[in-house]
Amino acid sequence: MPKSPDFVCSACGARHTKWSGRCDACGAWNTIVEEAPLTTGPGARALGAARGRGMALSDLSRAEAPPPRTRSGLEELDRVLGGGLVPGSAVLVGGDPGIGKSTLLLQAAASFAQAGLGCIYVSGEEASAQVRMRAARLGLGAAPLRLAAETNLRDILTTLEAEKPALAIIDSIQTMWSDSVDSAPGSVAQVRAAAHELVTFAKRHGIAVVLVGHVTKEGQIAGPRVVEHMVDTVLYFEGERGHQFRILRAVKNRFGPADEIGVFEMTGAGLAEVANPSALFLGERENPAPGSVVFAGIEGSRPVLCEIQALVAPTPHAQPRRQSVGWDGGRLAMILAVLEARCAIPFAGLDVYLNVAGGLRVREPAADLAVALALLSAREDTALPAETVVFGEISLSGALRPASQAENRLKEAAKLGFSAAIAPAQAKPLATEGMGLRQYPDLAGLVGDLFGAG
């Protein structure tokens, strides 16, 4: 007797016995879709039929070791991948529409192909002539890259098995459909089935597969979250349309560090690599002004300097506004509460606006001190000393906690011409290399020294 269908939330993956308009697990509306059950059980070569075939890790010989990584020639992409492309790996790339995912992957595929790697670019959203036109605009018309326009998963796998390329790019996973699943392309069942088949094919044949995924309004990759667990690497392509740079960020990587970033600049000829992103984010920085603080941050293994801007203004409304761009709004509220409770500096009756210049998104807690000083500088209408960088985490007690890789932050600041730094006090002395380092144990002492308050 066939099993009754399940209903799955496309936002959180929770299962339900019947359809409803709202998911009880995550509270999202209109995200529950029907998922057709599997009609057949495991075959004869399932786990039970293959008992005793496991192999000890120490038994693996050098001949069975995986081949070395293949470098694309795009240093920023190789950095995010952990040093290059691993054979047989599955990579999922997500990003907003029009941000440049297809452009980046087309350039990467052409670079891999020119390095002698067999590559196939499969587009489910464009015709082959359209992809060829874009390649010609990017100056990649002579690259030995094979193109295909197909959405049938069976035909794609048959082609890959016959061609045996080293790299296959699927653009995008939401357009693929399998004839063994009775649902529309882009549904939860189709996305899960297509991703499973492609990842399994990649592992079995040693072919690296790159999947492009659409994103939701919240910026997350659309479809079931289980797809992110299937693949080896998950990359997000970020950026603001009003800015020329794009950031490729690794949020999961089984073959390298997570949270590594690669910075690209969007030009008329495609995406150009940015070797020194700190100079790009500080390139438009004007003379020191109230509310402007340079934060020495770490993105992955790379130190990146950026400017944090704050504006504090009286409000005519009973409820002041707290607006943050590029920084977590909840953490902004926490910093304001610490300033009022531990330093006796109120922000009642004042609108607070915070912005990370250049559109960069800062996630690490080491930016707490830079945010606090930017808020105080804007409130007191007093600019911080020129050529000064700031970093450090603030606790709820008002104490300043040391940040990781402090010496790398100071080296990057000194390389860009900064001569002073403000940081938390820590037991291990820092190698300042000619920089004037001022360290404080708590926020109240720092505020009193710089602004005479607290």
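How many nonpolar, polar and charged residues does the lining of the second largest pocket have? By class, this lining has six nonpolar, eight polar and three charged residues, where Ala, Val, Leu, Ile, Met, Phe, Trp, Tyr, Cys and Pro count as nonpolar, Asp, Glu, Lys and Arg as charged, and the others, Gly among them, as polar. The model is predicted, with pLDDT of at least 70 needed for local features and 80 or more for side-chain atom pairs, while totals for chains, interfaces and linings use all residues. Residues are numbered from 1 along each chain as its sequence is written, and side-chain values use heavy atoms, with hydrogens and water left out.

The protein chain contains 11 helices and 21 strands (DSSP runs numbered from the N terminus; helices are H or I of at least four residues, strands E of at least two). Its C-alpha atoms fill a box of roughly 75 × 50 × 50 Å along the principal axes. Of the 454 residues, 46% are buried (under 20% relative accessible area with a 1.4 Å probe, protein chains only).

The volume of the second largest pocket is about 350 Å³. It is lined by 17 residues, of which S10, A11, T216, A222 and G223 are the closest to its centre. On a 1 Å grid over the protein atoms alone, a pocket is an open set of points with protein on both sides within 12 Å along at least five of seven lines, a cavity is a set where a 1.4 Å probe fits but cannot get out, and lining residues have an atom within 4 Å of a point. Grid points are joined across faces, edges and corners, and a volume is the space filled by probe spheres set on them. This pocket lies between domain 1 (1–36) and domain 2 (75–275), because both give residues to its lining; the domain bounds come from an automatic or database assignment.

Five cavities of 30 Å³ or more are present. The largest cavity holds about 130 Å³, and L77, L81, L105, A108 and V210 are the closest to its centre among its 14 lining residues. All 14 are nonpolar. Helix α2 (101–114) is one of the elements that supply at least two lining residues, and α2 gives the most, with four.

One aromatic pair was found in the whole structure (ring centres within 6.5 Å). The ring centres of F237 and F264 are 6.4 Å apart and the planes are at 65°, so the pair is edge-to-face (over 60 degrees; under 30 is stacked and the rest tilted). Both residues are buried.

Terms used: Phe/Tyr/Trp six-rings, centres within 6.5 Å; stacked < 30°, edge-to-face > 60°. Buried < 20%, exposed > 50% of the residue type's maximum accessible area, 1.4 Å probe, protein only.
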